[in-house]
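The sequence and structure are shown first.

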Amino acid sequence: MQIVGYETGTDGPPALLIADDGSVSTLVLDPGTDLSYALDERHCAGVLDDGSHASCPRDGAPYCDDHTYRWPCARCTGECSMPVESCREEHAIYLAAFAPETFKVGVTRSWRLDTRLREQGADRAAHLRTVADGRVARQIEAEIATEIGDRVRVRTKVRGLHETVDDAAWESLLAEFDPTETYDFDYGFEPADRPVAETLASGTVRGVQGRVLVLDNGGSTYAVDMRDLVGYDVTAGDSDRNLQSSLGAFG
């Protein structure tokens, strides 16, 4: 068996995708679900196609060079000829907040705004404005990003999972933009202490925020970047690795 993908819970429940001899099953990550998988070797996760899986033995993980999709808009600043059809759709420019006070600017097609924010695991967000196409949106984003930034690493998000957004800092930022709408997201769980960043697939699911899976295991709480699980061969059974304990384990 191999972990070949994940779902963040924007269009259904969060889940891990497990391939076994070409077929793919969905392991739903509802709170309280017990996971019991030991991680083995990691290699390319291959190709998913309409519920089936084509494996790949190459070493690259989560994907080898042949199976890595490079999104042409990843570093776009609006100096382009709009090479992707979706560039011509209406776009929204937004701010996202991650506890306690990490903020970023971003753009997405306007109809995907709520979905995109949840995919990232934003704690709060603000819709700044809507524009006619992706090129204009990227130009505005690039200008705002010189002051705020347009990327937040997963490890930064993990460090703030047990905290709340600094109200004063967030309101001060919003005062500069006069947003059209604001969002406050609830992912259904609140760790008492900072989870330990780890890569494992065993424990009891506490919840999922963006692509971060939070697990209770052996009296400690762990935060797992689900992308870091993609490509691992797995076997049924708890991990026998020595794991760092969280502060909560000593309470």
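## Basis of the description

Two strands are taken to pair if DSSP finds at least two bridges between them. Strands (E, at least two residues) and helices (H or I, at least four residues) are DSSP runs, numbered from the N terminus.

The model is predicted: local features need pLDDT of at least 70, side-chain atom pairs count only at pLDDT 80 or more, and totals for chains, interfaces and linings use all residues. Residues are numbered from 1 along each chain as its sequence is written, and side-chain values use heavy atoms, with hydrogens and water left out.

## Overall architecture

The protein chain contains four helices and 15 strands. Its C-alpha atoms occupy a box of roughly 50 × 45 × 25 Å along the principal axes. The radius of gyration, taken over C-alpha atoms, is compared with a globule rule of 2.2 Å times the number of residues to the power 0.38. For 251 residues a compact globule would have a value near 18 Å, and the 19 Å of the protein chain agrees with this.

Contacts are defined by heavy atoms within 4.5 Å. Among contacts in the protein chain with a separation of 6 or more, 65% are between residues 24 or more positions apart.

## Surface and charge

A residue is called buried under 20% relative accessible area, exposed over 50%, and partly exposed in between (1.4 Å probe, protein chains only). By this criterion, 45% of the 251 residues of the protein chain are buried. Accessible areas follow the Shrake-Rupley method with a 1.4 Å probe; for residues, only the protein chains shown count as cover. The protein chain exposes about 13200 Å², of which carbon and sulfur atoms supply 42%.

For the charge count, Lys and Arg are positive and Asp and Glu negative, while His and the chain ends are not counted. Each charge is placed at NZ of Lys, CZ of Arg, CG of Asp or CD of Glu. There are 24 positive and 44 negative side chains in the protein chain, and the centres of the two sets lie 6 Å apart.

## The enclosed strand β7

Strand β7 (91-98) is largely enclosed by the rest of the structure, because eight of its eight residues are buried. In a regular strand the side chains alternate between the two faces of the sheet. In β7, H91, I93, L95 and A97 point one way, whereas A92, Y94, A96 and F98 point the other way; all are buried.

β7 has antiparallel pairings with β8 (102-109) and with β9 (residues 124-131). The β7–β8 pairing has eight bridges, and a hairpin of three residues connects these strands. Within this pairing, L95 has V105 as its bridge partner. Seven bridges join β7 to β9, where I93 stands opposite R129.

Most residues other than glycine have a negative phi, and most peptide bonds are trans. A cis peptide bond links A61 to P62, with omega about 5°; P62 lies in the loop between β6 (52-54) and β7. The bond from A99 to P100 is also cis, with omega near 0°, and P100 is located in the loop between β7 and β8.

Two aspartates have positive phi values: D50 at about 55° and D178 near 50°. D50 sits in the loop between β5 (47-49) and β6 and is exposed, at 79% relative accessibility. D178 belongs to the loop between α4 (167-174) and β10 (181-184) and is exposed, with a relative accessible area of 64%.
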